[in-house]
Amino acid sequence: MSATLLIDTDLCSGCESCVSVCPFSALSMADGKPLVNDQCTLCGACAEICPEGAIRVPEAAPAAGPDPAYRGVMIFAEQRLGRVAEVAFELLHKGRELADTLGVTLTAALLGRELDGPARELLRYGADRVYTVDDPRLEGFTDEAYGEALTQIIRSVKPEILLAGATPIGRSFIPKTATQVGTGLTADCTELEIDAEKRLLLQTRPAFGGNIMATITCPQRRPQMATVRPKVLKKGAPSDSPAGEIVPFNLDWSGISGKTRLLEIVEELSEKVRLAEADVIVAGGRGLQEAKHFSLIRELAELLGGAVGASRGAVDSGWIPYAHQVGQTGKTVAPKLYVAIGVSGAVQHLVGMQSAETIVAINSDPQAPIFDVATYGIVGDLFEVVPEMIRQLKAAGG
Ligand SMILES: Cc1cc2nc3c(=O)[nH]c(=O)nc-3n(C[C@H](O)[C@H](O)[C@H](O)COP(=O)(O)OP(=O)(O)OC[C@H]3O[C@@H](n4cnc5c(N)ncnc54)[C@H](O)[C@@H]3O)c2cc1C
């Protein structure tokens, strides 16, 4: 950040109230006077609290426009245990389109251990260059190390656009990275386009509980940063003869305290089938009335070779763990078949499943909004319809 806080050290009494109020840990005391570091966002909290009026936020300078040194599209390529997350391939496909429109290169940032195989995969899926930081200290995810590594890569490579997956890892450290590099972030985008003339990324996402779609731009800062949930974008086809290169990035570890250590990774047992990757999902809602009735959903899912999903209504009732929740605050899914049983179809549920190829809805209320997105709708009592479906599937040997 070029502008900095204005501190009148003669007026300052050294009370330290500015240090404790700063939400970004940007102030410390040196020789009894406040010292500001580069975490400062000029939010003004310190100026407000200072009893002596010794701190001032500088007047905003007229917008100078984005730094033209920033060029190219970069994606953060998440990997775990040597396996690249599918969302990275989806981002590469969209990234390629954006990079081609802008006439720039498409790069990927890959952090972890033994990255040769994952890096080659990223080249096959369209990256022109993959920056790797291959280090045992990045084997498990921690906010601090990943955030610092990506920040250093961004500052060095200077991409004008940075895309990341809205996965638990992405959601955890990408906002901090955006703050560290001093730019904005649009989370959970559902559409990304380019205004080629202004070189602006048009970042569209649901707003106000999904009732409107907002298109957000970041005209002054670089990079323009956005996250996208898995399965929202389409993955491209891999190339058999990729032409890109792998470039090891030399990370400066001096600013990484290592205060957080990853002790163990424990796989969640309650989610036998990964929802986001399932071709068939059978989801239950509050219409099931009791936890024990989820056995109907499980049985149907098993017969169809699918995974069990749920509405937030069912999750909040304590009938099934959160890992199964589909929707705005749950998972986004795009299976070939989605069967919604006793789910009303609130907009927050629909944003998580409406791109399924075929949607079958079973609901006793003919006015239920789920029927607006359903390919096939069955108006009826689920306690009659579902056992009959199970009976017929069993009879057919399903
Ligand atoms: C910020 C925010 C985020 C949210 N995120 C999510 C999210 O991620 N996912 C999500 O799902 N919700 C989310 N919600 C909640 C959402 O608004 C709804 O409250 C929720 O989806 C309702 O769950 P439901 O459809 O199971 O329950 P209900 O709305 O109570 O619907 C139950 C349905 O079952 C039907 N039914 C009842 N008995 C029978 C029967 N015997 N046979 C057949 N049908 C029957 C009823 O007709 C009704 O349509 C969110 C809300 C907010 C405010």
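This is a predicted model: local features need pLDDT of at least 70, side-chain atom pairs count only at pLDDT 80 or more; totals for chains, interfaces and linings use all residues.
**Figure 1. The end of helix H3.**

**Figure 2. Length and burial of helix H3.** Helix H3 covers residues 86-102, which is 17 residues. Several residues of H3 are buried, beginning with the run Val87, Ala88, Phe89, Glu90, Leu91 and Leu92. Lys94, Gly95, Leu98 and Ala99 are also on the list of buried residues in H3.

**Figure 3. The shell around the ligand.** The ligand is surrounded by 29 residues, and the closest are Gly285, Gly287, Arg312, Gly313 and Gly327. Two or more residues of the shell come from each of helix H8 (312-316), helix H9 (347-350), strand E20 (358-363) and helix H11 (382-395). H8 gives the largest share, three residues. Sorted by class, the shell holds 17 polar, eight nonpolar and four charged residues.

**Figure 4. The setting of the close-ups within the protein.** The protein has 11 helices and 21 strands. Its C-alpha atoms fill a box of roughly 85 × 55 × 45 Å along the principal axes. Of the 398 residues in the protein, 39% are buried. Among contacts with a separation of 6 or more, 64% join residues 24 or more positions apart.

How values were computed. Residues are numbered from 1 along each chain as its sequence is written. A residue is near a molecule or strand if its C-beta atom, placed from the backbone, lies within 6 Å of it. Helices (H or I, at least four residues) and strands (E, at least two) are DSSP runs, numbered from the N terminus. Ala, Val, Leu, Ile, Met, Phe, Trp, Tyr, Cys and Pro count as nonpolar, Asp, Glu, Lys and Arg as charged, and the others, Gly among them, as polar. The expected span of a helix is 1.5 Å times one less than its number of residues. A residue is buried if 20 or more other C-beta atoms lie within 10 Å of its own, exposed if 12 or fewer, and partly exposed in between; C-beta atoms are placed from the backbone. Two residues are in contact if their C-beta atoms, placed from the backbone, lie within 7 Å.
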